[in-house]
Amino acid sequence: MPETGRDPNRPSPDALLEAARREERTRGRLKVFLGAAPGVGKTYEMLTIGRARLKAGADVVVGVVETHGRAETQALLDGFEVVPRRAVPYHGTVLEEMDLDALLARRPQIALVDELAHTNAPGSRHPKRYQDVEELLDAGIDVLTTLNIQHVESLNDVVAAITRIRVRETVPDGVLDRADDIEVVDLNPDDLIQRLKDGKVYVPTNAERALKHYFSRGNLTALRELALRRTADRVDDELLSHMRANAIAGPWAAGERVLVCVSEDPRSAGLVRYAKRLADRLHAPWTALVVEGPRAASLTEAERDRIAEALRLADRLGGDAVTLPGGRRIADDILAYARSANVNHIVVGKAARSWLFELANGSVVHDLVRRSGNIGVHVVPGEAVPVEASPPRAATTVVTASPDIRPYALALGATALGLGLALLLQPHAGVENADLFLLTAIVGVAVRFGLGPSLAAVVAASLAYNFFFLPPVYTLTIADPTNVAAFVLFTVVAVVVSNLAARARLTAVVSQARAKSSERLFGFSRKLAGCGTLDDVLWATSAQVAAMLKVRVVLLLPDGKAVTVRAGYPPEDMLDEADLAAAQWAFDNERPAGRGADTLPGAKRLFLPMRTGRGTIGVIGLDADGTGPILTPEGRRLLDALADMGALAIERVRLVEDLDRAERAAETDRLRQALLTSISHDLRTPLASVLGAASTLRDLDAALPAEAKADLLATVIEESERLNRFIVNLLDMTRLEAGAVAPNLAPQDVAETVDTALRRTQKILGGHRVAVEIDPDLPTLRLDPVLFEQVLVNLLDNAAKYAPEGSTVTVRARHDGRTVRIEVLDEGFGLPEGDVERVFDKFYRVRKSDHVRAGTGLGLAISRGFVEAMGGTVTAANRRDRLGAAFTVTLPVPTRTTPREIAA
């Protein structure tokens with residue numbers, strides 16, 4: 001559609017992008033040799049062009065060419081490599097078809113494929129040859145092919161009207177629209193008739209019959225014009241794209257939109273094709289619209305199938321299929337949609353109903369014409385398309401259901417009840433109000449049971465009103481002429497009221513069904529939002545689709561390059577080879593495959609790709625009892641909604657898993673870098689000190705005074721202890737992460753453990769004052785003395801690192817109810833606000849005031865792990881009374897212990 005609001009002096013971005021796609025694409029190029037009729041020389045021209053390409057050095061292979069016994073065409077085949085055809089057994093005979101797999105394996109530069117509209121033999125991968133060509137193009141192979149104008153889908157009924165022959169083999173217009181080049185092979189009708197008489201098109205017997213029917217001069221002229229016009233439309237598109245890409249000024253179209261109204265009328269398919277041709281002439285997008293009014297619920301299965309087939313045809317021809325709920329006036333709903341979608345052409349079929357029907361229900365066509373305003377209305381007569389024989393169904397036992405007479409019996413019962421009340425209250429309410437009781441009964445029947453039973457109630461109520469209330473009573477005779485008018489008026493009012501009530505009921509039923517469907521979709525979305533694992537999402541999706549569409553469902557996800565079954569409802573884990581092949585093809589090509597689809601229709605199930613913005617993430621397979629299409633267009637749209645919601649939920653779960661993996665990988669990388677940094681600093685520094693002191697002692701032993709030797713030995717011992725602490729920390733952290741820490745709990749005196757830890761850290765705390773504040777009545781705790789002592793050592797070591805020399809390190813232990821709190825406080829600069837919890841992370845170290853990192857960053861992480869293993873907690877905070885950090889270990893007081901109990 002032409003762009004609006006764009007500077008005409010600038011190239012069109014869409015046209016430039018399209019040109020760029022054509023230059024960069026990997027899809028093969030398609031050239032179609034289009035003819036008006038058989039015998040004009042399409043195959044001959046295709047072979048001539050192919051021979052020229054072959055002489056120019058191109059790799060040209062013949063996939064399939066039908067010579068029809070013509071010597072000149074057969075002579076052109078000499079010199080070409082011809083791929084042998086594939087034999088297909090069919091009903092005791094052998095049919096020969098193009099070997100698609102062999103052609104794909106050969107992978108030539110150019111493939112010659114004759115008769116694009118050909119129908120393949122049953123059992124082939126694709127029902128139609130044009131689908132084989134699509135697969136060749138997707139594989140990057142250029143294709144030269146032939147096509148007659150009568151095989152174009154949108155022109156099918158036009159050709160049938162001209163020639164009186166309806167062609168069954170058709171090609172969707174989209175295939176022709178996507179062709180890179182169309183060459184018209186034209187021949188004067190007189191020359192073609194002469195070729196036919198000379199036996200160069202058909203054998204003499206067939207040629208004589210063709211001359212009498214199809215190959216008349218008038219028919220050939222009309223077909224020739226169709227071919228030229230169809231190609232002219234294509235040339236006009238190319239010219240317009242060229243003008244846009246090069247910013248060439250010219251007359252721009254105003255932008256057209258076409259809407260075709262589809263109903264249960266047998267002519268709907270013809271209307272859809274007319275709308276397609278109109279949209280092509282106007283270069284406009286188009287939509288097929290179905291409005292489900294009050295009559296929708298009363299349609300027969302055949303009428304519903306007719307609507308569904310018309311919508312499928314619109315999908316195949318490249319239009320949009322839309323179904324809308326409607327009210328009482330269908331024309332108002334159509335016009336409301338047309339105005340909201342900026343439609344300026346409405347295609348509708350000419351009314352074929354009686355004047356009586358239009359008087360009672362109104363005429364949609366007349367209403368559209370009167371109220372359309374500036375929207376053009378195309379009233380098309382159309383022709384009913386004969387329905388093809390349906391494929392044979394599996395033998396089933398059909399039980400004929402007897403008509404349900406209960407609603408009618410209850411309607412008569414309700415009428416009798418109203419009559420009884422009227423007779424009972426007649427002395428008080430009077431005869432003039434008796435009809436109100438009967439009307440109330442009629443309205444109740446219409447609301448509860450619908451139009452049929454309500455009409456039965458109307459008849460019964462009218463007769464009862466005459467028999468019991470109009471004089472002479474107890475007869476069906478009406479003596480007073482004024483009572484005749486009363487009787488007629490009562491009957492008319494009863495019919496109108498019952499009709500309105502029945503329509504209201506029908507609208508309520510339809511609205512209730514739609515509300516129920518919307519509620520189930522909303523419930524499904526909430527259920528998916530609560531699913532945290534992939535299995536939960538798959539199970540919820542398969543169960544919901546099966547429940548709403550009444551089908552059997554299987555979900556397949558990729559496992560490497562192949563798709564495998566991951567969920568099903570009812571649970572099903574095995575698929576046969578045909579189903580697996582169809583599922584794999586649907587996933588690889590992002591198109592439906594299997595039962596009811598154009599590809600691999602012999603499969604038991606229909607497989608459709610599940611897509612998100614990231615591409616195809618899986619395949620959903622459907623199966624149902626019986627034969628024929630599994631889904632109606634409405635069911636397909638519902639499935640699309642369910643599949644999209646399921647696909648997004650699957651993608652969400654996978655994104656969460658990807659994020660978790662990325663976070664774990666980043667954490668692993670951070671820990672690895674921190675470990676390498678710690679090893680390079682905390683391992684090499686004490687080793688260098690030990691090596692330096694030992695080397696000095698070895699080389700200068702005789703020259704060193706005793707005091708210097710003692711200092712060097714002290715350095716060796718101190719740095720060795722430091723190295724030992726580093727290795728112990730690494731080993732302890734490894735034990736914690738492996739879950740190998742099993743504390744040996746026993747009653748332990750806290751004061752004794754604190755004293756032992758202070759003795760171990762005497763050198764570390766040598767530059768600090770140490771204050772110990774322990775309550776004298778502390779209970780004994782069940783602790784592992786080795787682990788708890790290491791916790792205190794790590795906390796004291798941390799305080800010594802981050803507190804300035806000369807400051808005080810305080811160890812405080814107090815009894816607080818059912819717990820004992822041990823605090824280690826320093827007088828350093830405290831903890832940064834954002835580091836209060838991070839100080840317990842592995843390899844995390846707070847920068848000192850001189851911005852130099854100290855320690856390995858494992859001591860506090862090990863302390864927390866040991867304390868939690870003993871059933872306690874450890875926290876970090878800043879002191880409230882002054883600058884400094886406070887680390888608090890909280891341990892539970894065990895039952896049945898006394899303050900004087902000593903550890904064993």
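**Ground rules.** This is a predicted model, where local features need pLDDT of at least 70, side-chain atom pairs count only at pLDDT 80 or more, and totals for chains, interfaces and linings use all residues. Residues are numbered from 1 along each chain as its sequence is written, and side-chain values use heavy atoms, leaving out hydrogens and water.

**Whole chain.** I found 27 helices and 25 strands, taken as DSSP runs (H or I of at least four residues for helices, E of at least two for strands) numbered from the N terminus. Of the 904 residues, 41% are buried, meaning under 20% relative accessible area with a 1.4 Å probe, protein chains only.

**Cores.** I looked for nonpolar cores, sets of buried Ala, Val, Leu, Ile, Met, Phe, Trp, Tyr and Cys residues joined through side-chain atoms within 4.5 Å. The largest has 57 residues, and I149 is among those with the most contacts inside it. A second, separate core has 39 residues, including V793 and F840.

**A helix pair.** I then turned to α25 (residues 750-760) and α26 (residues 785-802), whose axes lie 9 Å apart at an angle of about 50 degrees. Axes here are lines fitted to C-alpha atoms over the stretch in contact, and angles run from 0 to 180 degrees between N-to-C directions. The two helices are therefore oblique to each other, the class left once angles under 35 degrees (roughly parallel), over 145 (roughly antiparallel) and 65 to 115 (roughly perpendicular) are taken out. In α25, L758 is one of the residues that meet α26, where V793 is among the partners; contact means heavy atoms within 4.5 Å.

Conventions: Buried < 20%, exposed > 50% of the residue type's maximum accessible area, 1.4 Å probe, protein only.
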